[in-house]
Amino acid sequence: MCGINETVLTEFFLLGFHDLHKIKTLLFCLFLVVYLLIVTENCLIITLVSTCHHLNIPMYIFLRNLALADLLLTSNITPKMLHVTWSEGAMISRTACFVQYYFHCIATYTQSLILTSMAFDRFLAICYPLRYSSLMSHKLCFHLAFWPWATGIILIPSEIFLIGQLGFCRSNIIDHFFCDVSPILEMSSTNTYRVVLEDFVLSILLAFMPFLLVIISYVCIFVAIIKIASNDGRRKAFSTCSSHLAAVCTYYGPLIAIYMFPVGGNTPYENKLKSLLYTALTPLINPILYSMRNQEIKKASQLLFCKKRT
């Protein structure tokens with residue numbers, strides 16, 4: 001807790017990209033364009049899957065949930081990031097900071113678990129094609145889409161509660177473009193051991209373990225693909241999971257690098273770059289990866305635009 005002569009801080013100052021102030025206009029325009037593209041792309045995916053009945057199958061249901069998580073992640077961070085970038089830093093209240101981190105955790109961990117659900121779906125489709133319809137029932141699909149959201153909502157408040165008990169009396173400067181756990185803990189003037197332990201456990205359960213399950217799923221998938229006799233069959237089987245594999249690589253890498261080791265090991269500049277990868281790049285390329293080589297998505301898009309024209 002704070003000492004007798006120390007003031008409890010109720011506001012924090014986000015530095016953002018203060019060392020790049022000479023190109024702040026360029027950065028602001030770049031972030032704004034990327035954000036608008038992310039919103040447009042993911043809203044389109046959500047609309048297509050929600051309105052086209054032939055897309056009401058597990059693969060696209062998971063894709064819709066992934067788009068929702070991408071939208072939540074980006075919309076929770078980017079508007080404030082734009083303000084911070086343009087103003088070369090901005091104040092944020094302690095409560096708003098913790099709320100931002102709470103929704104950030106929900107979005108990131110939901111993405112992690114949804115990507116795991118998608119890997120499991122591909123595993124069943126490729127390794128057990130004849131039994132896929134019976135194995136991936138509507139009930140199982142619902143649970144695989146519901147619990148990624150519910151798990152984060154249930155588990156994350158305990159970490160937020162522990163962060164709220166920390167004392168912030170000395171510095172109020174957060175060297176980041178949003179309220180992330182590492183700069184918050186570095187700013188604290190009290191012992192952060194319990195928060196670090198809680199964050200480590202959550203990262204193991206909701207990021208590292210799902211990542212291992214994805215790896216195991218793809219080992220089984222690759223073994224099954226190798227056993228396919230025809231080249232066309234192997235190519236078709238691999239194409240059904242290549243976009244998901246690319247999304248996994250761009251997402252899990254920076255996520256585990258940052259949150260498995262929240263204090264130390266990374267400079268603020270490195271953390272900002274890694275954070276940009278999964279808060280901006282991944283939500284931007286996910287809809288592209290899943291739609292460029294997907295004929296069903298293309299057909300649904302054409303039908304949607306044709307209806308609007310008529």
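Of the 310 residues of the protein, 49% count as buried, where buried means under 20% relative accessible area, exposed over 50% and partly exposed in between, with a 1.4 Å probe and protein chains only. This is a predicted model, in which local features need pLDDT of at least 70 and side-chain atom pairs count only at pLDDT 80 or more, while totals for chains, interfaces and linings use all residues. Residues are numbered from 1 along each chain as its sequence is written, and side-chain values use heavy atoms, with hydrogens and water left out.

Colour the chain by secondary structure to begin. The protein has ten helices and three strands, and from the N terminus on the elements run β-α-α-β-α-α-α-β-α-α-α-α-α; helices (H or I, at least four residues) and strands (E, at least two) are DSSP runs, numbered from the N terminus. Among contacts between residues at least 6 apart in sequence, 80% join residues at least 24 apart, contact meaning heavy atoms within 4.5 Å.

Next, select Lys24 and Glu88. These two form a salt bridge, with the closest N and O atoms 3.6 Å apart; the term stands for a side-chain nitrogen of Lys or Arg within 4 Å of a carboxyl oxygen of Asp or Glu. Lys24 lies in helix α1 (residues 24-51) and Glu88 in the loop between α2 (58-87) and β2 (90-93), so the pair ties together parts that are 64 residues apart in sequence. Lys24 is partly exposed at a relative accessible area of 22%, and Glu88 is partly exposed as well, at 36%.

Stay on Glu88 and look at its backbone. Most residues other than glycine have a negative phi. Glu88, however, has a phi near 55°, a positive value in a residue other than glycine.

Select Asp175 and Lys272, whose side chains meet at 2.8 Å, N to O. This pair links distant parts of the chain, with Asp175 in the loop between β3 (173-174) and α6 (181-187) and Lys272 in helix α9 (residues 268-292), 97 residues apart. Asp175 counts as partly exposed at 25% relative accessibility, whereas Lys272, at 5%, counts as buried. Then move to Arg122 and Asp121, which meet in a salt bridge of 2.9 Å, N to O; both Arg122 and Asp121 are buried.

Now show helices α5 (residues 138-164) and α7 (residues 193-226). Their axes are 9 Å apart and the helices pack at an angle of about 165°, where axes are lines fitted to C-alpha atoms over the stretch in contact and angles run from 0 to 180 degrees between N-to-C directions. The two helices are therefore roughly antiparallel to each other, a class for angles over 145 degrees. To see the contact itself, display Thr151, Leu155, Ser158, Glu159, Leu162 and Ile163 in α5, which meet Arg194, Val195, Glu198, Asp199, Leu202 and Leu206 in α7.

Finally, follow α7 to Val214, which is located in that helix. Which residues does Val214 touch, not counting residues up to four places away in sequence? Its partners are Leu115, Thr116, Ala119, Val248 and Tyr252. Val214 is buried, with a relative accessible area of 2%.

Terms used
Angles under 35 degrees count as roughly parallel, over 145 as roughly antiparallel, 65 to 115 as roughly perpendicular and the rest as oblique.
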